[in-house]
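Here are my notes on the model, point by point. Have the coordinates open while you read.

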Amino acid sequence: MASLKQLALREEEQTGFFGGHSLCAGCGIPPIVRTVLGSIPGKKVAISATGCLEVATTRYPFTAWGVPWIHVAFENAAAVAGGVEAAYRALSQRGKIGEEPVTFVAFAGDGGTYDIGLQALSGALERGHRLIYVCYNNEAYMNTGIQRSGASGAGSPSAART
Amino acid sequence: MAKLELAQQVLTGAEAAAHAMRQIRPDVVPLYPITPQTPIIQTFSRFVADGETDTVLLQVESEHSAMSAAVGAALAGARTITATASQGLALMVEVVYIAAGLRAPVVIAVGNRALSGPINIHGDHSDGMLARDSGALQVYAQDAQEAYDLMLMAPRIAEHPRVLLPIMVGQDGFNVTHSAEPVALLPDAEAAAFVGEYEIPYALLQGPSSSHGVFAMPDSYFEIRHQMISAAEAARDVYREVTEDYRRRFGRYLPALDCYRTDDAERAILLIGSAAGTAKDVVDELRAAGEKVGCVAVRLYRPFPHEELRAALAGVARVAVLDRAASPGAFPPLYSDALAALYRSGVDLRSYIYGLGGRDLPQGDVHRALRELAEPPRAGIGYLGLRGDGGDGEP
């Protein structure tokens with residue numbers, strides 16, 4: 001597998017996630033998504049929870065996603081990912097899709113993971129789906145304006161204090 | 001018209017729905033137990049365990065995740081069915097709306113049950129009405145046979161290219177889900193041929209890369225929702241086509257409205273679900289005594305069959321609309337729909353609520369509604385079977 005440095009140098013080869021989205025300048029999530037998708041060989045499907053990443057990358061009629069992508073709601077990225085992965089198993093065993101392996105990658109923030117999405121994540125892990133779950137933990141609800149989440153450190157400044 | 005000679009077997013509504021699922025052979029079934037729906041998924045799970053279908057079962061940790069997984073699977077390209085009731089549907093409703101908006105044709109079997117509180121596990125239509133405006137289509141069975149037939153037709157209606165919407169197949173909790181009756185199942189091969197293959201445009205796992213569930217600003221949301229609303233309207237014709245095809249192939253016909261002895265009726269009952277059987281018995285009794293009465297049971301509730309209802313009740317002077325759900329502070333759902341459908345038709349509609357939380361609708365209550373239709377109209381909502389309402393119930 002390529003190192004992070006090598007992946008960063010091969011940006012033009014990475015067609016899973018494109019620029020032109022409306023995420024803030026300097027936001028960490030675009031390089032995270034590009035790096036994660038760029039480091040996974042072969043076909044992949046991305047699943048997003050509601051949040052900055054989803055809102056800013058899929059403003060209709062545009063999309064920044066070069067891979068099949070789905071978003072359903074805030075608290076259920078892991079359950080949706082499980083459903084997509086189950087569909088892959090079902091269609092594979094019935095010969096309805098090719099045998100090419102597919103990697104399923106879910107992206108959710110800390111609010112969508114530590115708080116509202118914890119139950120769906122617990123269920124998905126317990127069922128043992130073959131998927132990668134990426135929590136981008138910036139320690140607060142950023143999309144709604146820096147409110148505390150279950151991942152905020154004690155005493156962290158939030159919108160209420162700034 | 002072909003009429004197949006079919007062996008009957010004794011099945012509950014829940015088992016009948018599970019047999020339909022076995023014959024449909026869905027690719028994915030996310031499941032979570034809740035009374036009175038549990039025997040649907042439990043019976044189906046047994047079919048999977050016995051190797052009668054190779055469906056992938058997902059034992060999820062809530063109905064919210066059941067519906068979430070169902071949307072993911074359906075949009076990935078897999079035919080997907082789930083089942084729920086009551087609080088489970090209430091928990092699911094957020095995602096039922098999204099399923100309609102994302103045009104995921106998931107089939108949802110519902111064992112209709114009251115909503116808390118107080119908690120109650122018995123039949124009424126409050127859960128279905130909670131999802132009434134979601135964009136999901138809704139059909140309601142009167143008995144186990146209809147639960148089977150509607151379940152088998154549901155994928156064809158939901159997956160039609162002009163529709164692509166989720167569909168809820170309702171059967172009254174306990175009155176249908178747990179009541180064993182003779183049910184005629186189609187041969188497996190005929191059922192499978194009728195249902196056909198699952199095909200949707202833009203599946204996640206098939207064809208070119210696509211984005212589902214994107215963010216729509218005020219400049220596009222309205223148009224996207226309008227497309228979904230138009231699809232729900234189109235489902236009225238599709239329901240007709242699919243039920244006609246079912247009749248052509250198998251000789252059983254389930255039109256949007258079940259009109260019973262309404263041709264020359266002067267008074268009629270309008271309702272949804274299993275209480276139709278009771279109402280029809282009362283109609284027979286009164287007809288035998290020379291009274292011109294009839295009954296209309298709604299099978300297709302969303303989209304609502306406005307024109308069919310107008311035609312069905314054209315010559316009827318007075319109709320008692322029996323709702324098994326309430327809209328506290330307003331008239332109940334079926335009455336409101338019927339009133340809109342019959343606006344300026346001259347038909348006098350009266351509203352009744354019955355059967356909340358599994359309270360029986362005895363024949364006496366149907367008699368009372370039909371008797372009151374012959375009396376001058378009264379304002380507001382009447383309650384059938386409610387203690388202290390001045391009806392046939394105890395004071």
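1. Let me start with the interface. Chain B and chain A bury about 3,200 Å² between them, and carbon and sulfur atoms give 59% of that area; buried area here is the accessible area (1.4 Å probe) that two parts lose on being put together, summed over both. B:Leu204, B:Leu205 and B:Phe215 supply 21% of what chain B buries against chain A, more than any other three residues. The contact (heavy atoms within 4.5 Å) takes 44 residues from chain B and 41 residues from chain A.

2. Some ground rules. This is a predicted model, in which local features need pLDDT of at least 70 and side-chain atom pairs count only at pLDDT 80 or more, while totals for chains, interfaces and linings use all residues. Residues are numbered from 1 along each chain as its sequence is written, chains are lettered from A and ligands numbered from 1 in the order in which they are written, and side-chain values use heavy atoms, with hydrogens and water left out.

3. On the polar side of the interface, 20 residue pairs are in polar contact across chain B and chain A, both residues at pLDDT 80 or more. That term is a pair of N or O atoms within 3.5 Å; within protein, one must be able to donate a hydrogen and the other to accept it, and residues adjacent in sequence count only if both atoms are side-chain atoms. On the side of chain B that touches chain A, β3 (56-59), α3 (63-76), α4 (86-101) and β9 (211-212) of chain B each supply at least two residues. Of that side, α3(B) gives the most, with 9 residues. Helices (H or I, at least four residues) and strands (E, at least two) are DSSP runs, numbered from the N terminus.

4. β2 (residues 69-71) of chain A and β9(B) pair in the parallel sense over 2 bridges, with A:Ile70 opposite B:His212. Pairing requires that DSSP finds at least two bridges between two strands.

5. Chain B has an open sheet of 5 strands in the order β4-β5-β7-β6-β13, with mixed pairing. β4 (81-84) and β13 (300-302) of chain B stand at the edges, each with a single partner strand, so one side of each has no neighbour in the sheet. The twist averages 25° from one strand to the next. β4(B) and β5(B) run parallel and are joined by 4 bridges; B:Thr82 has B:Ile108 as its bridge partner in β5(B). Helix α6 (residues 144-158) of chain B packs on the sheet, touching β4, β5, β6 (137-141) and β7 (167-172) of chain B, and its direction makes about 170° with that of β7(B). Axes are lines fitted to C-alpha atoms, for helices over the stretch in contact, and angles run from 0 to 180 degrees between N-to-C directions.

6. Another open sheet in chain B has 6 strands in the order β10-β12-β11-β14-β15-β16, again with mixed pairing. Its edges are β10 (257-260) and β16 (381-384) of chain B, each with a single partner strand, so one side of each is left without a neighbour in the sheet. β14 (residues 318-323) and β15 (residues 348-354) of chain B pair in the parallel sense over 6 bridges. Helix α11 (residues 333-341) of chain B lies across β11, β12, β14 and β15 of chain B, at about 145° to β14(B).

7. Finally, please check the backbone at a few spots. Most residues other than glycine have a negative phi, and most peptide bonds are trans. The bond from B:Thr35 to B:Pro36 is cis, with omega near 0°, and so is the one from B:Ser116 to B:Gly117. A:Ile146, in the segment after β4 (132-136) of chain A, has a positive phi near 65°.
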